[in-house]
Amino acid sequence: MAVEAPEITTEQLREQTLTWLRDNLPPGWMEAVEAGDDETVASLRRKLDYSEWCVRLGEAGYATPTWPKEYGAGLSLEAGQAKVVNETLAHYRVPRPFNIIGIGMGGPTVITWGSEELKQRLLRPLATNQEIWCQLFSEPGAGSDVAGLSTRAVRDGDEWVVNGQKVWTSLAHMAKWGMLIARTNPDVPKHKGMTYFVVDMKAPGVTVRPLVQITGDAEFNEVFFDDVRIPDSMRLGAEGEGWRVAVTTLMNERVSLSGAGSVSGDTIGGSPLSRLLDRHRGITDPIARQRLSQAYIESRLIRLNNERAAAKRKTGAEVGPEGSITKLMSAEFNQRLQKLAIDLEGVGGVAWEGEHAQRGQRGRPTWLAEGDDRATLARGFLRAQANTIEGGTSDIMRNILGERVLGLPKDPDVSRDAAWKDVLRSV
């Protein structure tokens with residue numbers, strides 16, 4: 001009879017992670033972090049080959065510790081164990097893949113709904129940041145009401161031919177793969193006539209156009225599909241079951257947009273909240289001190305809710321409405337936090353000279369920014385204005401919580417049970 005291997009303890013897992021970091025981070029990195037030597041850490045980061053680093057981190061399983069290790073992209077850890085890994089990486093300010101859409105949403109959806117062949121093909125290069133993903137849900141006429149989308153996919157043998165338009169698609173200009181839901185049966189109600197695909201963003205007929213934001217960056221895009229062919233083997237879930245698959249993506253989206261690397265309760269201009277507290281430790285204004293204290297309290301509440309969600313997932317349960325709680329809290333908290341950071345800088349938060357005046361427009365990764373970079377703080381304030389819109393508006397989050405947590409009745413929707421083709425819509 002086979003003997004089951006003993007479960008690794010928290011301390012063993014932390015020491016295992018530390019050993020890997022010592023062997024793989026540039027010499028002096030960890031010592032500089034422990035000494036609070038930000039200048040040395042920043043210098044070492046600039047010299048780091050980011051692409052090569054992401055491959056090493058992903059192949060070792062540390063980028064996606066909860067994913068199954070059999071796909072070469074995870075450690076098969078439970079959520080509580082992954083928390084130990086992530087806290088260790090965060091403490092040593094380890095650069096992470098910026099593929100948050102793929103890691104936070106695409107990967108979990110493929111793991112839940114994908115064929116064995118798709119898991120083997122897609123998960124490893126996703127975790128190693130070699131293949132970027134985007135999410136193709138929102139349309140000009142179907143934003144908050146995603147199920148009302150009109151992009152069509154028509155079957156042609158072993159392929160599907162797609163025509164339509166998506167909008168507000170983050171990273172589409174860089175993505176290799178896109179998570180696409182399209183209407184495959186207009187003769188049934190809107191939630192029942194959709195199918196979910198993984199589409200090659202470099203395929204003939206896919207056109208990506210950037211949308212410039214107030215920060216000067218172009219993270220978002222509009223995407224057009226003109227007779228784009230997708231093999232049926234790239235379908236996730238059954239034909240017509242796209243909404244069920246999409247819910248998996250959306251629930252994970254709430255979590256990923258409020259977890260590590262996102263607008264979580266511990267970020268400010270790309271730096272931990274503790275740095276903001278340290279930066280203004282000597283402040284005497286009572287109102288400002290109260291706002292700082294409130295920010296700290298709210299950040300702890302968000303962390304506790306994340307831990308509650310992690311504990312639920314540890315039991316094997318799917319991500320639920322608690323993701324919407326964290327997303328709603330994090331988005332509105334981050335906007336208040338970014339405004340506080342600007343207010344505490346005084347006039348220096350909205351006006352600066354020299355190199356700093358240009359840095360915010362260069363698209364530098366936030367992990368390269370210096371802690372005293374006022375342009376980075378200003379960019380953080382501007383970028384935060386999207387937090388309550390992206391990934392589901394705050395109004396939609398409140399609807400979800402009202403219906404699924406408080407048990408309130410759904411909003412009236414006369415189109416819910418009607419065939420999609422019979423629902424009036426703007427052209």
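**Exercise 1. The chain as a whole**

Determine what the accessible surface of the chain comes to, and what share of that surface belongs to carbon and sulfur atoms.

*Solution.* The accessible surface of this chain comes to about 20800 Å². Carbon and sulfur atoms hold 53% of that surface. The structure is a predicted model. Its chain has 427 residues, of which 49% are buried. The secondary structure consists of 14 helices and 10 strands. Among contacts with a separation of 6 or more, 71% are between residues 24 or more positions apart.

**Exercise 2. A nonpolar patch**

State which residues make the nonpolar surface patch of about 400 Å², and decide whether I297 is buried, partly exposed or exposed.

*Solution.* The patch is made by Y296, I297, L301 and L304. I297 has its place in helix α10, which covers residues 286-314. The relative accessible area of I297 is 45%. Buried requires a value under 20% and exposed one over 50%; I297 is therefore partly exposed.

**Exercise 3. A salt bridge between a strand and a loop**

Explain why the salt bridge of D200 and K176 ties together separate parts of the sequence.

*Solution.* The side chains of D200 and K176 meet at 3.2 Å, N to O. D200 lies in strand β5 (residues 194-200), whereas K176 lies in the loop between β3 and β4, so the pair ties together parts that are 24 residues apart in sequence. D200 is partly exposed, with 23% relative accessibility. K176 also counts as partly exposed, at 23%.

**Exercise 4. A salt-bridge network**

Locate E219 and R379, and name the residues of the network to which they belong.

*Solution.* A salt bridge joins the side chains of E219 and R379 (3.6 Å, N to O). E219 is in the loop between β6 and β7, while R379 is in helix α13 (residues 374-384), 160 residues apart. Salt bridges with shared partners join D217, E219, R379, R383 and E390 into one network. The structure holds 27 salt bridges.

Definitions and conventions. Residues numbered from 1 in each chain as written. Predicted model: local features only at pLDDT ≥ 70, side-chain atom pairs only at ≥ 80, totals over all residues. Heavy atoms only, no water. Helix = DSSP H or I, 4+ residues; strand = E, 2+ residues; numbered from the N terminus. Buried < 20%, exposed > 50% of the residue type's maximum accessible area, 1.4 Å probe, protein only. Contact = heavy atoms within 4.5 Å. Areas by Shrake-Rupley, 256 points an atom, 1.4 Å probe, with all protein chains shown as cover. Patch = residues over 30% accessible without salt bridge, like charges linked within 9 Å, V, L, I, M, F, W, Y side chains within 5 Å. Salt bridge = Lys/Arg side-chain N within 4 Å of Asp/Glu carboxyl O.
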